[in-house]
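Please open the model in the viewer and keep a selection panel at hand.

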Amino acid sequence: MMVAALVGVMMVVTTLAVFLIMARLYRRFPLPFLMPALTTTFLLVIGLLAFNISYDTYMIGGQWIDHLLGPAVVSLAYPLYRQRHVLARYLAPILTGVLVGSMIGMASGLLFAKVFGFSEDLVYAVLPKSVTTPVAMQITSQFGGAPSLAVIFVMVAGYSGVVFGPYLLKAAGLHSFIGKGMGMGAASHAIGTAKAYEFGEDAASVSSIAMTLSAISGSVMAPFIVWLFY
Amino acid sequence: MKFIKIIVQIAMLYGFYFLGEQFQHVLNLPIPGSIVGLLVLFGALLVKAIPVTWIEEGAGTLLHYLTLLFVPATVGVINYLYFFSGKNIGLVLIVMVSTLITMLASGTVSQIFANKTGMQRERSS
């Protein structure tokens with residue numbers, strides 16, 4: 001018992017320390033592949049492998065951090081509340097964009113993965129890729145998929161939106177802050193929203209609303225889409 | 001003092017999360033309890049059942065460190081390292097294509113909708 005508590009504290013402290021150092025590095029060099037969550041995960045995986053520590057041992061402490069994910073998702077109500085005037089003003093275009101985005105995002109990912117013959121548990125990890133990480137993990141585990149894989153695909157969706165999104169939006173003639181913000185938030189969640197700040201405050205507000213509402217509509221729609229195709 | 005305030009506010013957010021989980025469980029809803037909690041809190045803020053000052057610092061802190069919070073879950077990829085070989089790399093490509101389709105669809109639909117109702121023009125005038 002004592003040993004477990006000690007190991008737990010050690011894992012939490014290590015995670016925090018690595019994260020804070022990586023956050024500092026990112027502030028110094030703000031490059032997409034140096035985002036602290038990415039580099040911290042990478043270093044921890046290397047560390048666990050090097051010292052031959054199992055994931056279960058790491059999670060003795062890791063689960064304490066994990067427990068905060070629930071209230072963190074609840075916290076998304078706060079930015080949504082702060083943006084309520086933007087939401088009320090553009091309610092119809094925002095809601096349509098979110099619903100179309102969730103539907104097409106999940107159905108296309110599921111269909112492609114299914115057509116190319118990937119197994120069901122992998123399909124469930126791909127399904128919520130455009131939904132913010134903590135919610136995506138819950139959607140995937142709800143169907144018995146692996147939440148850790150879901151996180152990887154959420155990251156891929158985020159970064160591909162950030163890297164290719166600006167070109168795509170331009171090529172498609174999406175010049176309005178509504179179009180740009182909606183595209184970024186509905187496809188690339190929090191990572192896309194961070195990028196949307198470069199388009200301006202308006203686009204970022206829409207993107208942040210799109211991301212929160214996509215998390216809600218994604219979790220409502222996921223069981224329906226799975227039921228439709230399986 | 002500020003630290004204690006943040007802790008108390010996070011405890012309150014925990015309460016909403018717990019409430020959401022209970023609703024989800026009792027009503028057998030197909031959506032995660034955390035999302036139910038989000039909706040309940042958003043509703044409570046809108047009807048001013050709860051002043052925003054009761055949660056803003058706790059919520060702000062959690063969201064500021066959100067990316068740290070999902071690090072432990074992501075480290076779980078260590079059990080799936082075998083996954084990153086051969087055919088499975090194709091899934092990464094699928095995710096990229098599907099993401100860009102999503103962006104195109106949602107962005108286009110909302111822009112057309114906003115233009116049709118004249119909201120953009122109204123705003124710029």
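Domain bounds, as used here, come from an automatic or database domain assignment. For chain A, that assignment gives domain 1 (2-67) and domain 2 (77-229). This is a predicted model, in which local features need pLDDT of at least 70 and side-chain atom pairs count only at pLDDT 80 or more, while totals for chains, interfaces and linings use all residues. Residues are numbered from 1 along each chain as its sequence is written, chains are lettered from A and ligands numbered from 1 in the order in which they are written, and side-chain values use heavy atoms, with hydrogens and water left out.

**Chain A**

The C-alpha atoms of chain A fill a box of roughly 55 × 45 × 30 Å along the principal axes. Colour the two domains of chain A separately: their C-alpha centres lie 26 Å apart.

Next, select residues 2-28 and 36-50 of chain A, which are helices α1 and α2. They pack at an angle of about 135°, with their axes 9 Å apart; axes are lines fitted to C-alpha atoms, for helices over the stretch in contact, and angles run from 0 to 180 degrees between N-to-C directions. That angle makes α1(A) oblique to α2(A), given that angles under 35 degrees count as roughly parallel, over 145 as roughly antiparallel, 65 to 115 as roughly perpendicular and the rest as oblique. Show side chains at the contact (heavy atoms within 4.5 Å): among the α1(A) residues are Val18(A), Phe19(A) and Met22(A), and α2(A) contributes residues including Leu43(A) and Leu44(A). The contact comprises nine nonpolar, four polar and no charged residues. Here Ala, Val, Leu, Ile, Met, Phe, Trp, Tyr, Cys and Pro count as nonpolar, Asp, Glu, Lys and Arg as charged, and the others, Gly among them, as polar.

**Chain B**

Move to chain B, which has seven helices and zero strands. Its C-alpha trace spans about 55 × 50 × 35 Å along the principal axes. A compact globule of 125 residues would have a radius of gyration near 14 Å, but chain B has 21 Å. Colour domain 1 (1-69) and domain 2 (79-125) of chain B; their C-alpha centres are separated by 28 Å.

Within chain B, select α1 (residues 2-27) and α2 (residues 33-46), whose axes come within 7 Å and cross at roughly 120°. That makes α1(B) oblique to α2(B). Their contact has nine nonpolar, five polar and one charged residues. Phe16(B) and Phe23(B) are among the α1(B) residues, meeting α2(B) residues that include Val40(B) and Leu41(B).

**Between the chains**

Which helix of chain B packs against α10 of chain A? Select residues 147-171 of chain A and α6 (residues 89-116) of chain B: the two helices pack at about 50°, with axes 9 Å apart. That makes α10(A) oblique to α6(B). By class, this contact has 13 nonpolar, four polar and no charged residues. Display Phe153(A), Phe164(A) and Leu168(A), among others in α10(A), together with α6(B) residues including Val95(B), Met96(B) and Met103(B).

Note on methods:
Helices (H or I, at least four residues) and strands (E, at least two) are DSSP runs, numbered from the N terminus. The radius of gyration is taken over C-alpha atoms; the globule rule is 2.2 Å times the number of residues to the power 0.38.
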